Amino acid sequence: MISVAQHLGRILDVVQPLSPLAMNLLEAHGCVLTEDVVAPAPLPGFDNSAVDGYAVRVADVASATADDPVVLPVTGDVAAGPASPLRVSAGSCVRIMTGAAVPAGADSVIPVEWTDGGVATVVIRRAPVEGANVRRVGEDVASGDTVLAAGSRLGAVQIGLAAAVGRSRVLVRPRPRVVVVSTGSELVEAGQPLGPGRIADANSPALTAAAVEAGAIAYRVGIVPDDPRALEATLEDQLVRADVLVTSGGVSVGAYDVVKEVLSRLGTVSFDKVAMQPGMPQGFGTIGPESTPVFGLPGNPVSALVSFETFVRPALRKMLGVTPLERPRVQAVTRFELRSPLAKTSYLRVGLSLEKGQHVVTPVSGTGSHLLAGMSRASALAVIPEGVERVAPGDPVEVLVLERRGR
Ligand code: AMP
Ligand code: MG
């Protein structure tokens, strides 16, 4: 048996960040930049109005009050859009809309609310300070500024900023493409009638969704029966579009454990007993001409998902170039006694709550690796390390916080 850390270490030695690719901005959403994004021009690009109002010279309106307003002729309108040739000369003003370039000669903008909103002449009831309501060129970004550094992850705001400085394409690490295959002659596509002894394939939907949640692009191939030739043909077919292959089932020591048989033949895949519960049998290695990483996960749904959390998700994050690789861990106390086999790391399905500033865990499921409904109630996994058999009520325990949605 090898430890969880040893197995993960081996995986992370093999799996490397994907090579950078120029992508359309929106395709790059969620990806990590591998270049600095530099502004070729300032932002704002020109002095413009922050409000709808009147572009004026402060000197002309300095005396304006509600009781003794200043009345100015309005010599024209400027809207957001093409630059206007209008000038504001002494003793006049120009009506201006939000985002429009402030005309030459004006030094401030009076909000329409301080006026009567006039079109030919305007009654101004308050004096602005110089520069009021003018967004200055370059006050957000100077020309040549690095607005996004290599290594930044592109969320909505970063996407907006890249667009604002004129980028339609960016260099990023692409999302890994993950192909998901379920193996088992007992499996039936969800929604199809079950014959005797048949069960619905839960793993390929679950692992595909988990891969997407981890930031990958995932292709669900679905079910392959326990037939070595069928499995080999499927894997060879799928290799062209896969940065990672994930299979479930067929990795134990049963007579029909074909994944073990086929993967051992196709590449440098080894099958190990990893000292964990659930998820003890694990296959990992590379296959095909491009040494594509392949994970042979156990078939029980909870084992498959906990294995994904423990090994596949960190690998996908490494490929994406995001850190940390692992889920956040918090220290909690347990309300109830927790038990674990002495020689294994246990991942126990628990609810995590915050009580008086203290994280508290409560078991929500038995430990059977087929108890998927139990896992659906878990917001976290309590990690009981090797060498610990029992955690008493009130004792501390480390917890992996599962975030259940989002990428
Ligand atoms: P195996 O690792 O192939 O021996 O499968 C272990 C257990 O998990 C068996 O009870 C299988 O029926 C079950 N199992 C395997 N694959 C799936 C799947 N895709 N969805 C649901 N259960 C599965
Ligand atoms: Mg099987």
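**View 1. A backbone N or O atom of N300 sits 3.1 Å from an oxygen atom of ligand 1.** This is a predicted model, so local features need pLDDT of at least 70 and side-chain atom pairs count only at pLDDT 80 or more, while totals for chains, interfaces and linings use all residues; side-chain values use heavy atoms, leaving out hydrogens and water. Residues are numbered from 1 along each chain as its sequence is written, with chains lettered from A and ligands numbered from 1 in the order in which they are written. On the ligand's nitrogen side, a backbone N or O atom of A202 is 3.0 Å from a nitrogen atom of ligand 1. β13 and β15 (199-200) are the elements that give two or more residues to the shell.

**View 2. Ligand 1 has 17 residues around it.** A residue makes the list if one of its heavy atoms lies within 4 Å of the ligand. The closest are E186, D201, A202, G250 and G299. By type, the shell splits into five nonpolar, nine polar and three charged residues. In that sorting, Asp, Glu, Lys and Arg are charged, Ala, Val, Leu, Ile, Met, Phe, Trp, Tyr, Cys and Pro are nonpolar, and the others, Gly among them, are polar.

**View 3. S182 in strand β13 reaches over to D201.** Their side chains make a polar contact at 2.8 Å; that term means a pair of N or O atoms within 3.5 Å, and within protein one must be able to donate a hydrogen and the other to accept it, with residues adjacent in sequence counting only if both atoms are side-chain atoms. S182 is buried, because its relative accessibility is 1%. Buried here is under 20% relative accessible area, exposed is over 50%, and partly exposed is in between (1.4 Å probe, protein chains only). Beyond neighbours within four places in sequence, S182 touches residues including L187, N203, S204, G222 and S248, where contact means heavy atoms within 4.5 Å.

**View 4. Helix α4 (residues 203-213) has N203, S204, L207, T208, A210 and A211 as its buried residues.** Down the axis, these residues fall within an arc of 160°, so they line one face of α4; the arc is taken over directions from the helix axis to the C-beta atoms. Helices (H or I, at least four residues) and strands (E, at least two) are DSSP runs, numbered from the N terminus. The buried residues of α4 pack against β13 (177-183), β16 (217-224), β17 (244-248), β21 (292-297) and α7 (301-320). After α4 comes G215, with a positive phi near 105°.

**View 5. Two cis peptide bonds, L43 to P44 and Q277 to P278, get a look here.** For L43 to P44, omega is near -15°, and P44 belongs to the loop between β3 (37-38) and β4 (48-49). For Q277 to P278, omega is near 0°, and P278 falls in the loop between β19 (276-277) and β20.

**View 6. N133 and K356 each have a positive phi although neither is a glycine.** N133, with phi about 60°, lies in the loop between β9 (121-124) and β10 (134-135), and at 26% relative accessibility N133 is partly exposed. K356, with phi about 50°, is in the loop between β24 (345-355) and β25 (358-363), and at 90% K356 counts as exposed.
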